[in-house]
Every structure is written in structure tokens, then in C-alpha cells.
Amino acid sequence: MAPVDALQTSADPTRAIALLISLTYLIAAVLFIVGLKMLSSPRTARRGNAIGALGMLLAISATLLDQEIIAFRWILLGFVIGTAAGVWLALAVKMTAMPQMVALLNGFGGAASAIVAIAEYHKLLLAPDLRATDVVISIMATVLIGGVTFTGSMIAFAKLQELMTGRAITFPAQKTLNFALLAAAVALSAWLVVNLDQPTIFVVLTIISLVLGVLLVIPIGGADMPVVISLLNSYSGMAGAAAGFVLHNNVLIISGALVGASGIILTQIMCRAMNRSLTNVLFGAFGATSTVGAAGAADRPVRTVRPEDVAVMLGYAQSVVFVPGYGLAVAQAQHSVKELASLLEKRGIDVKYAIHPVAGRMPGHMNVLLAEADVPYDQLYEMDDINREFDRTDVALVIGANDVTNPAARTDKTSPLYGMPILNVDHAKSIVVIKRSMNPGFAGIENELYYNEKTAMLFGDAKKMLVAVVGEISRA
Ligand code: NAP
């Protein structure tokens, strides 16, 4: 019998509701997967997001039908507080603060899963007849992963928000201590699976998980932070999936597994983009050393230009590649860059955008910004594709990008950026860099590109400078 027929004919309303919930969860899971797939292309991403949200609406609505709900008032209170906080954050948080926001959300996800596991442990303590080995194992896994995710994400948030140093914090025998704590947590979990009536040990396990989260993230710093954020995102998914096993809730298992898997895939992609292994990111303590190469910046001359000079250079070019970076986001110059691109195109100049996978402060940051200004997707080139073009490019216009163009990444073994693939901007026939000063970028190191004889520095806010260049070209 089809589930719908079963629903109509079932005489037992409890069974009918359980069936309806399962069916809705199945539809929600399919919507999550379709939505996620559509997020992989900028063309379909908006619809994918809406489809995923619809899946979540269905999943939440079905969960509200659950017979085990005793009172709705707490759910309603949580709903009101959560919605208010969500709306406020969505409106107030700037695009440049998105990584911190994601860190917070990961942390809350981990905390929610851990709290569910703690509540279920308490329930099992009082009701020995409800104990099942699979549920007990899931409770321990949820507390461990959820606890690590919570405090790890809070440290990541504090680092990115500059509430504490963003550099790596290391001390002797750090790795040994981390491994010892992890081993202790696993041993205590195993002990509790065999012997559940040990609330003190459960409290110790929870504390160890929280401490481990802090210790695992403090030795990570600098440019490795985005990798850690996506790894913590994956952990929050795994904690959610484990909580799904605790509650026997299929949609939580599926959605948690989707977040866990996509987070780990993103982590891998970012590690590859920075040419670092995950082990190296987690245990390599990048950023512990201070600004390599920053000394002497003031003594070396650079060539400076004015907007009118850049307008002339662009006017004579046949091909121009825009290289956007974090400064473009700070200046909110995406519309101005689009305006300049349109103007150049009208004059028959070929225009492309070079997108580095870790430009800006979050994965896909440049794509999102440029999409906001309606830059056509086919003008956006990924690193490997555009790097083949720079030799034939007349002007590379670097707009608030720094680390992703730093040639030290290729040659200087002492540089923290060494090994990270960069945009080969220095291969272009001429280079213009728009930034406000000689200050370094995220990694805190000097950029040799600025001293290249082909490079001209246009000092100023990216938006103001682009508007000025557009004005000069329009007047010409
Ligand atoms: P970057 O190396 O951080 O450099 C940005 C540059 O923009 C700075 O040198 C700054 O110089 C300039 N700038 C800031 N405000 C500006 C404004 N209003 N107008 C003009 N210029 C402005 O940026 P990036 O080249 O995009 O590299 C990204 C870095 O962030 C990498 O090291 C990456 O690993 C790291 N990171 C990436 C992510 C991610 O997921 N994408 C997340 C976290 C960290 P002035 O101050 O002189 O203007």
C-alpha cells in the first residue's frame, strides 16, 4: 500500500501521524539535496537556497506534529527569540564579518546538539529500561563533537572579531596534551557506554570536550582560519547527525550528514587552494611567526600614479583583468568596478575578472560581491584559467587584493604564504594596484609585487579611486 493510502485508511491516528512525519521528512531530505546541488552554480544558487529553506520549513512543521511534545510554549519562545536574532543578524552583519557570523552559527549548532545529548543522558539516568547501546554511543559522540565544535567556534569567532590575537598560540607539548585529552575523552566515552550510571564521569567528558575545542583552535591562525571555519562547519554537521541518532530523527541524521560532508569537501578544496595539507593546517601553527618580510617597507620606493594616469593606461589597453580582493569588499566598490568594466567594454576592450579561491574573507566572497553588481558570470575566471591569460594581458588592475597576488608565495621559503598558488598578476604587461597604503594584507607580510618595475600604485579607497578613473575616462 502506498504511504498516502496508508494514511487515509489507518485507523490509528498515532500511526497515521508517524507516517505523515516520515513522509514529510523524506520530502524535506530530497529538497535539501536538490537545494544543495543547485547552490553549486551562481545561476541556480538563489533558487537552491529557497528550495533548501522550503525543506527546512517542512521538516520543522512535521516535527511540531510529534506526539512526544509536552508543551508548545518553550518551542514558541525559542522560535520568537531565534527569529528575532536571525533577522537582526541578517540585516546588521556586514559581508566582511560573515566568517565570524558563520563561526558563531557553527558554535551554536554544536552547542544545541551537545545540549540535546546531555538532556537525553539525564533521561536515561532516570529510566534504565529505555537504554539502548546505539543511543548511548550516539550520546557520547554528540557530547564530544558538539562540545569541541562549540568552544572551537567561539575561539575562531574571538580571533576573527579581534577580541583576542589572530595569531597562532602555541606552548610546549601542546600536541601531546591534545592527543592525551582526545584519548581520555574516547576512553571515558567507552567507559560510560558500559557503565552509564556515572554522572561525574559524564561531566568530566563534557568538560574535556569543551577544553579540547579551545586547545585545537588556538594554535591555528592567520590565513588558515577559513579552513578551520569550514572544518568546524563540518563538525557541527557531524554533531547534528549524531544527535539525530540519539533522537531517532531521520531528517536530522540526513541534514547533519549533508552539512558534515559538504563542510569536509569545502575544507579539502580550501586546503588545495592554499597548497596545504589538513594536518599541516591543524598542527602546523601557521601565523605563529610575526610579519615576515614586513621590515624595511618604508625605505623602498614605489611608483605612484593618479586616477588620470590609470584612465590613460586603460584607454590604450586591449585586454584588462580585474583582480578583486578583500579591499573591494571593504570599500563596497563592486558597482564601481562593474561601471568601469562596462565603460571599457563599450570601447572594445576585453574585460575579465580573476577570482582567487581565498580572496576576501570567506569562500566565494568575490563571486557574491560581483554577482550583487550583476557582473556576468562568464567574465569570472578561476585561478587556473586566468593564470594562463596574464601573459597576454595589457593591464592587471588589482583592487584591494594583496596576499593572493604575492609572488613570495612562489619563491620565499620563509614566507608564511609559501606554497599557496597565487594569481600571476606579475606576468601582465603592466599592473595597477589600488589600495590605501603600504599596509600588509591578512597574512601580515609585505608584497614584492608593489616594487615590481611594471607596477603602479594608486593609493586611496577602492571605490573613490574607481569612481575617479570612470570620471576621467568618461570625460576623455
Ligand atoms: P588581503 O591580503 O587581506 O589584502 C586586502 C588589502 O585590501 C589590504 O592590503 C588593504 O590595504 C586593502 N584595502 C582594505 N580596505 C581597502 C579599501 N577601502 N580600499 C582599497 N583597498 C583596501 O586580501 P586578499 O588578497 O583578498 O587575500 C585574502 C586573505 O585573507 C588571504 O590571506 C586569505 O588566506 C585570507 N582569508 C581568506 C578567507 C576566505 O575564505 N576567502 C577567510 C579568512 C582569511 P590598505 O590597508 O593599504 O588599503
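A polar contact here is a pair of N or O atoms within 3.5 Å; within protein, one of the two must be able to donate a hydrogen and the other to accept it, and residues adjacent in sequence count only if both atoms are side-chain atoms. With that in hand, we can look at the ligand: a polar side-chain atom of D461 sits 2.9 Å from one of its nitrogen atoms. Taken alone, the ligand exposes 930 Å², and the protein buries 97% of that. These areas come from the Shrake-Rupley method with a 1.4 Å probe; for residues, only the protein chains shown count as cover.

Before going on, a word on what you're looking at. This is a predicted model, in which local features need pLDDT of at least 70 and side-chain atom pairs count only at pLDDT 80 or more, while totals for chains, interfaces and linings use all residues. Residues are numbered from 1 along each chain as its sequence is written, and side-chain values use heavy atoms, with hydrogens and water left out.

**The overall layout**

The protein chain has 476 residues, and 45% of them count as buried. Buried means under 20% relative accessible area, exposed means over 50%, and partly exposed is in between (1.4 Å probe, protein chains only). Along its principal axes, the C-alpha trace spans about 80 × 60 × 35 Å. You'll find 18 helices and 6 strands in the chain. Both are DSSP runs numbered from the N terminus: helices are H or I with at least four residues, strands are E with at least two.

The chain splits into domain 1 (1-92), domain 2 (97-289) and domain 3 (297-475). Those bounds come from an automatic or database domain assignment. Taken over C-alpha atoms, the centres of domain 1 and domain 3 are 44 Å apart.

**Back to the ligand**

Which residues come nearest to the ligand? Out of 29 around it, they are G360, N402, D403, R436 and S437. A residue is near a molecule or strand if one of its heavy atoms lies within 4 Å of it.

| Residue | Protein atom | Ligand atom | Distance |
|---|---|---|---|
| G360 | polar backbone atom | oxygen | 2.9 Å |
| M362 | polar backbone atom | nitrogen | 3.2 Å |
| D461 | polar side-chain atom | nitrogen | 2.9 Å |

By class, the shell around the ligand holds 15 nonpolar, 9 polar and 5 charged residues. For this count, Ala, Val, Leu, Ile, Met, Phe, Trp, Tyr, Cys and Pro are nonpolar, Asp, Glu, Lys and Arg are charged, and the others, Gly among them, are polar. Helix 13 (residues 326-331) gives the largest share of the shell, 4 residues. Domain 2 and domain 3 each supply at least three residues to the shell.

**The nonpolar core**

A nonpolar core is a set of buried Ala, Val, Leu, Ile, Met, Phe, Trp, Tyr and Cys residues joined through side-chain atoms within 4.5 Å. The largest one has 106 residues, of which L314, F322, L340, Y353 and F390 touch the most other members. Its largest share, 11 residues, comes from helix 6 (residues 133-160). Where does this core lie? Domain 2 and domain 3 both give residues to it, so it lies between them.

**A few residues worth a look**

K352 lies in strand 2 (residues 350-355) and counts as buried because its relative accessibility is 11%. Its side chain makes a polar contact with the side chain of D350, at 2.6 Å. S319, in strand 1 (residues 319-324), is buried too, with a relative accessible area of 13%. A polar atom of the S319 side chain lies 3.2 Å from the backbone oxygen of R392.

Now for two loop residues. E162 is in the loop between helix 6 and helix 7 (174-194), and has a positive phi of about 60 degrees although it is not a glycine. At 70% relative accessibility, E162 counts as exposed. D374 sits in the loop between helix 15 (365-372) and strand 3 (380-382). Phi of D374 is near 60 degrees, again a positive value in a residue other than glycine, and D374 is exposed, with a relative accessible area of 60%.

Finally, A333 lies in the loop between helix 13 and helix 14 (334-346) and is buried, with a relative accessible area of 0%.
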